[in-house]
Amino acid sequence: MMVSVASSRRNEAPPPASGITRSPGLRPVGVLPADRLVELLASAGARAGAPGRILLADLGLGGWRGHHAARELFDAAGLAFPEPARPPFAASGFSYAGLISRGIDAEARGNGVALRALELAAALIEWLHGHALVSVLVIAPRFGIALGADNRWFLQFLERGLGEGPHRFALVCGGPPPPDLPPAWRLEAVSSTESAAREAAAPDGRSRLLALVPGILTPSLLAELDLAEAAPLLIETGESYLVPPSARRPPAGVARFDFDDLAAAAKGVAWLRCYAQIHGNNYFVAPAFLAEQAWQLFGQGANDIALLLLDRAIACERAPDARDALRAQQQGMRIAMHRFADAAKAGAPSGSVTGIGNFLVKAKGWSLVMSGDAAAGRRFLADARAFPGTVAPGSIDDLYLRNISALAEARIGNPDEALRLEQEITAENGKSEPFDWQLHYVNMVNTARLLRAAGRLDEAREAYMAAFATGAGNLSESDRVYDEACLARLAAERGQPDLAMQHWLRAALAFAAARVPEALAPRCVAMLLAKRSGADDDVTEAVAGVLGDALVTADAKLSPDRCRLAGEFPDESGVMPAPTFRFADAALPCRPSEIFGAIGAEGWSVIAVRPPARPAFDGPCHRRLRLLLARLIGRAVPADAAQGFSTFVVDARHGRPIASNEVEQVESCLGLGLSCSVFEGRKTRLAAASIEALQQASRLRLGPLVRQVEFAEGSARVVFKRYLGERREDDKYGLIAAAAAGDSTVGAVAAAAVRTSSAEICGRIRSLEQARIVCRELPASWRKLTDGGAP
């Protein structure tokens with residue numbers, strides 16, 4: 001049987017590009033007075049299909065669900081809200097090693113709240129594109145209540161996306177704006193704001209509870225609260241209802257017993273019950289319930305509310321050991337959020353010093369080290385190890401404890417001791433069953449840093465390569481930038497300017513093509529900028545500036561006969577059009593005639609596309625970086641083919657590093673259905689027959705992220721090293737088994753499949769590649785299978 005998977009990814013429906021181009025600088029955002037909202041709702045017609053439709057979200061009392069504003073706008077649009085995948089943290093099974101292990105992967109993915117917010121904003125904007133004029137109105141928090149990072153990121157992306165279309169966005173304010181608005185927003189009045197919001201009389205009886213409920217009230221919520229008869233007191237907004245902003249009261253000014261009544265009425269609505277228990281009497285608070293809900297909210301991105309729930313649970317828990325267990329959860333959450341300064345302020349355990357109490361000591365030590373007081377942190381870490389029976393020598397908990405202890409030693413000026421501890425960890429982890437890949441990653445990164453500082457550069461490269469191999473197969477945008485930038489600096493120090501340039505090129509390509517460059521992981525930002533904080537736009541522009549300068553510097557150190565980048569595009573404020581870079585899974589679909597093919601040279605590869613696409617970010621430094629990359633790409637392209645391409649697609653290669661040699665570039669051509677590859681100026685045409693032959697000869701391999709596979713009764717249990725946990729897959733075609741064996745070609749597997757169509761095999765290979773379970777590799781004799789056996 002012949003099977004072709006040549007255009008497997010090309011025929012997929014790729015995730016839509018966000019269509020939201022962000023840029024630095026202040027942005028005017030319209031503000032509507034709260035007392036005008038009722039008039040606007042009455043005149044505009046909020047029902048579905050009406051002209052001048054309004055989508056409304058109410059954050060007047062804050063957001064009490066993850067991405068609260070997005071949820072209410074999705075509901076107003078009639079869209080199902082996409083719930084997030086399982087959160088990386090949970091309250092149950094809490095352990096020091098487990099916390100760090102999950103935190104390593106969570107941090108490497110980048111800012112998960114920002115990544116999720118862009119997905120939600122892009123989905124809503126895509127829906128809006130199919131509708132007539134819509135006004136998106138968001139009632140801002142009052143009474144000093146914050147937006148929260150999840151709502152702030154979402155509204156920032158949404159406003160940017162709506163700013164260039166026919167739809168309108170405005171913030172509805174009934175008082176001073178919240179303290180954590182996006183820093184780039186400059187509020188401007190939509191209409192006169194001279195009249196203050198008029199306060200309405202508070203409803204009495206059971207109806208008084210309505211004014212306490214945060215957000216838009218749906219019919220199902222009214223029914224759950226047994227308050228459906230009170231709907232006439234509300235403002236109709238399509239299928240749901242709004243509490244008049246003037247009827248809201250500051251929670252601190254409401255009787256606690258009213259919140260107790262709300263909690264009793266909301267027994268079936270967990271998020272509302274939490275809100276009521278925050279403001280009600282201590283006697284009715286259920287600490288374990290609040291802790292459980294805190295982790296749910298944390299998984300949804302509502303980090304500030306999650307911490308607030310744990311604060312309340314701790315304050316209301318009377319048993320010392322139970323209170324310490326809640327404090328341990330809070331410390332774990334703070335550390336996962338990189339709020340080390342807050343975690344470092346925690347007091348001593350109130351219960352026993354073993355178990356949970358020991359965790360608290362370790363967490364405080366860790367936080368002190370990370371927040372700048374390594375000497376004090378080292379003392380707490382030593383105390384944690386001193387208690388017999390609390391940390392078993394050689395256990396994973398012990399190895400993670402030694403890892404942060406090594407960092408403390410490095411920060412107080414004992415690099416030799418730090419390296420000794422890291423080498424101990426390497427040896428002990430090698431004996432562990434199962435091997436801890438997250439520990440291996442951070443251990444190798446730290447070892448590489450120490451070796452580099454000691455001038456042992458070859459050993460440092462080996463350690464870096466071992467660290468970065470742990471994530472290959474599911475690399476995040478942050479991984480790609482961080483890994484290549486680390487290797488680029490090391491190559492320059494080793495006197496390898498060509499290799500340094502290749503790594504900087506791949507780092508720059510990864511950043512220029514990133515869908516959410518604002519979401520770079522703290523580790524990556526700190527390495528490039530030597531800082532971990534700052535305005536989001538400023539960080540994005542600063543990273544682009546560093547990478548652009550690195551390209552110019554690396555280029556200047558190459559041989560004299562090369563064209564220099566120095567002095568090109570010096571005016572960062574210019575408006576010269578720059579090409580767009582996109583990863584393959586975010587590229588706009590193109591007709592074959594609009595694609596030139598793959599272009600590359602030693603160390604990098606891109607795909608040249610004629611149709612323009614919108615960049616994810618377009619600040620002056622980011623634009624300069626893209627212009628520099630385009631100039632470097634132009635060196636590898638025949639002069640007659642270098643014109644007319646405004647978009648360059650970077651193949652993400654199913655989570656593997658960017659293609660860096662001709663074989664990997666041709667593999668990208670096969671996966672994306674391209675018929676032309678130009679590498680180092682050498683053109684290879686891939687006719688249909690050649691593509692088919694190459695596909696048949698490709699070998700199936702397990703993806704580099706796969707740790708182990710177990711087979712039983714026609715299915716496979718696949719366990720990954722990092723990021724993805726494990727999954728069970730049907731293997732009725734034997735594709736996973738063939739990949740595990742490592743000696744089967746696609747053609748051989750297809751020939752062995754009985755009564756199975758080519759399309760079925762093709763689809764299954766594609767789905768397993770997308771799941772990061774298998775990959776395909778060209779044979780060493782691949783060139784003989786191209787047209788004429790030669791380029």
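Me: How many disulfides does the structure hold?
Reply: A disulfide is a covalent bond between the sulfur atoms of two cysteines. Here, a pair of cysteine sulfur atoms has to lie within 2.5 Å to count. The structure, which is a predicted model, holds zero disulfides.

Me: Is Cys669 buried or exposed?
Reply: Buried means under 20% relative accessible area, exposed means over 50%, and partly exposed is in between (1.4 Å probe, protein chains only). Cys669 counts as buried because its relative accessibility is 1%. Cys486 is buried too, at 6%.

Me: Okay, sheets next. What is the order of the six strands in the open sheet with mixed pairing?
Reply: Strands of a sheet pair through backbone hydrogen bonds, either parallel or antiparallel. Two strands pair if DSSP finds at least two bridges between them; strands are DSSP runs (E, at least two residues) and helices are too (H or I, at least four), numbered from the N terminus. The order in this sheet is 8-11-10-9-12-13. Strand 8 (580-583) and strand 13 (682-685) are at the edges with a single partner strand each, so one side of each has no neighbour in the sheet.

Me: Which residue in strand 13 is the bridge partner of Cys676?
Reply: That's Arg685. Strand 12 (residues 676-679) and strand 13 pair in the antiparallel sense, over four bridges.

Me: Which strands are at the edges of the five-strand sheet?
Reply: That open sheet has parallel pairing and the order 2-3-4-1-5. Its edge strands are strand 2 (53-58) and strand 5 (185-189), each pairing on one side only. Strand 1 (residues 27-33) and strand 4 (residues 168-173) run parallel and are joined by four bridges. Pro33 has Cys173 in strand 4 as its bridge partner.

Me: Where is Tyr283, and is that residue buried or exposed?
Reply: Look in the loop between helix 8 (270-279) and helix 9 (287-300). Tyr283 counts as exposed because its relative accessibility is 71%.

Me: What should I keep in mind about the numbers?
Reply: Residues are numbered from 1 along each chain as its sequence is written, and side-chain values use heavy atoms, leaving out hydrogens and water. In this predicted model, local features need pLDDT of at least 70 and side-chain atom pairs count only at pLDDT 80 or more, while totals for chains, interfaces and linings use all residues.
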